[in-house]
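Please look over the points below with the model open beside you.

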Amino acid sequence: MDRRRPPRTEEGWYVLHDFRTVDWDAWRAAPEREREAAIEAGTEYLASHEAVADADAGGSATFSVLGNDADLLVLHLRPSMADLDTAERAFERTALADFTEQTDSYVSVTEVSGYMSEEYFEGEEVEDSGMARYIESRLKPEIPDSAYVSFYPMDKRRDPEYNWYDLSFEERADLMSGHGDIGRDYAGKVTQIITGSVGFDDHEWGVTLFADDPAQIKKLLYEMRFDPSSSRYAEFGRFRFGRRFPPADLDAFLAGEPVPAEGDTSGADNGHPHGDTDGGHHHGESSEDEGEGADMRSALAEEGIYAGQPHGEDVHAVVVYSEADPDELAEDVDGLRGNFEHYDTHVKTAVYEPHEARDASGTTEEIASRGGNAAVASIWETESAAETASGFLSDLPGVVARAEAEEGEAIDAGSGFGTMGMFYTTKPEHRGEFVDRFETVGDLLAEMEGHHDTDLLVNRDDENDMFISSQWRSREDAMAFFRSEAFRETVSFGREVLDDRPRHVFLT
């Protein structure tokens with residue numbers, strides 16, 4: 001038999017799943033001062049590694065493991081094996097290590113293969129493409145902020161009847177594509193990090209799944225069991241399941257108290273700097289804004305306006321504005337959208353044009369000159385995915401940012417970022433009524449304190465999909481409008497003409 005062609009691979013960050021059990025008898029018998037010293041040292045270790053103080057890049061997270069094989073999982077992603085080696089040994093030097101034992105571990109590396117995109121491995125022609133940037137995010141992923149984790153190792157079967165390695169490349173690629181389609185059905189529910197471990201550990205791959213609803217992990221894996229790539233060709237190692245908690249809750253974990261402690265919603269410390277992106281073209285409040293955001297959502301709820309938990313309709317919106325030719329912009333966005341759809345957390349990406357331009361006739365140049373800049377809006381289920389998308393979108397042609405207005409000056413309409421993004425899908429027969437109502441409300445907005453501008457934009461591919469970008473001096477000024485009778489009437493009116501639930505998303 002001819003030698004089968006293996007897929008080419010590219011490797012990224014190295015990964016250590018460090019499973020540890022606690023010697024509870026020794027912990028209970030230890031003097032109070034020793035336990036306090038262990039908690040202090042353990043908390044410092046976990047916090048510093050989640051902040052990636054030990055390396056140039058990467059991520060770490062801590063999980064409480066359910067079951068009798070381990071009590072703790074410390075997950076590390078780092079640029080090199082040496083970084084992982086240092087991180088693992090650094091734990092052994094803490095006072096907490098005296099009360100733990102490493103019961104298992106798994107060493108692997110993030111990986112993408114030619115099954116995803118053979119073109120990526122061809123070289124220069126895709127070096128700067130959206131696919132190249134997407135693959136980069138797979139090689140250097142952020143650990144999701146999800147509450148639960150499931151980890152398992154796996155192999156591809158080499159039985160006489162079902163031998164994965166005897167299949168042709170085309171057969172394997174087709175099976176992997178069908179397998180991926182199932183995963184995409186769980187977009188926004190389950191996020192995965194796939195790592196290769198041939199030569200590093202006992203199995204060939206490691207799969208780490210993250211979700212806020214643990215049942216979604218079960219549903220995804222159960223459905224995948226019926227896919228031929230699993231039912232015929234996959235063998236699995238032991239599954240381990242955990243719940244994330246922040247390092248500050250280590251004392252509560254060791255005391256047998258609930259973790260995350262009361263007041264923590266994600267169980268994650270999201271503040272390390274290595275996941276940030278340049279350019280500011282993304283949505284998402286920083287930790288110092290969370291209190292203000294919660295107050296804002298509560299205030300909106302009191303007015304009957306859903307504002308999500310914690311951002312918009314449980315989504316994050318990335319919006320950039322471009323002065324490029326709309327046809328050229330749409331072509332580039334189509335390419336990005338195809339890449340974005342590989343993300344489990346992608347909801348929608350579309351080009352929106354000012355409705356004055358969209359509803360008018362004329363050449364592309366005439367429409368662009370009449371209606372101002374187009375907007376590219378991309379909606380995601382998680383902040384980390386939105387931040388990744390923001391880097392891609394900032395590379396689109398003609399991207400412009402809204403300049404800060406001087407005291408008493410207005411900001412140029414259509415050329416910047418809105419404080420509030422509102423997404424509406426109208427019933428086709430009521431589209432004209434919706435546009436007319438917006439124009440009426442726009443006249444009222446012009447007279448309101450703290451209002452800079454509000455623009456209505458229309459999806460280039462779906463005229464019933466509307467995006468309203470509203471720029472205010474402050475959230476307090478915006479809330480004054482949301483509490484107004486004019487907005488109440490608009491919300492009531494919207495229930496009759498909208499075809500879907502509106503999304504109200506805070507934008508930076």
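**Notes on salt bridges and strand pairing**

1. Asp85 is partly exposed, with a relative accessible area of 35%. The model is a predicted one. The partner of Asp85 is Arg89, and their side chains form a salt bridge with N and O 3.1 Å apart. Arg89 is partly exposed too, at 42%. Both residues belong to helix H3 (residues 81-92), where four residues, about one turn of the helix, separate them.

2. Helix H1 (residues 24-29) holds Asp25 and Arg28, three residues apart, again about one turn of the helix. Their side chains meet in a salt bridge of 2.6 Å, N to O. Asp25 has 57% relative accessibility, and because exposed means over 50%, Asp25 counts as exposed. Arg28, at 56%, also counts as exposed.

3. Asp69 and Arg238 form a salt bridge, with 3.7 Å between the closest N and O atoms. Asp69 is in the loop between strands E2 (59-66) and E3 (72-78), and Arg238 is in the loop between strands E8 (234-236) and E9 (240-244), so the pair ties together parts 169 residues apart in sequence. Arg238 is partly exposed, at 45%. A network of salt bridges links Asp69, Asp104, Arg238 and Arg240.

4. How many salt bridges does a search of the whole structure find? The count is 19.

5. Strand E6 (residues 191-196) runs antiparallel to strand E4 (residues 100-113), and two bridges join them. Thr110 has Thr195 in E6 as its bridge partner. E6 is also antiparallel to strand E7 (residues 205-211), with six bridges between them. There, Ile194 has Val207 in E7 as its bridge partner.

Conventions. Residues numbered from 1 in each chain as written. Predicted model: local features only at pLDDT ≥ 70, side-chain atom pairs only at ≥ 80, totals over all residues. Heavy atoms only, no water. Pairing = 2+ DSSP bridges. Salt bridge = Lys/Arg side-chain N within 4 Å of Asp/Glu carboxyl O. Buried < 20%, exposed > 50% of the residue type's maximum accessible area, 1.4 Å probe, protein only.
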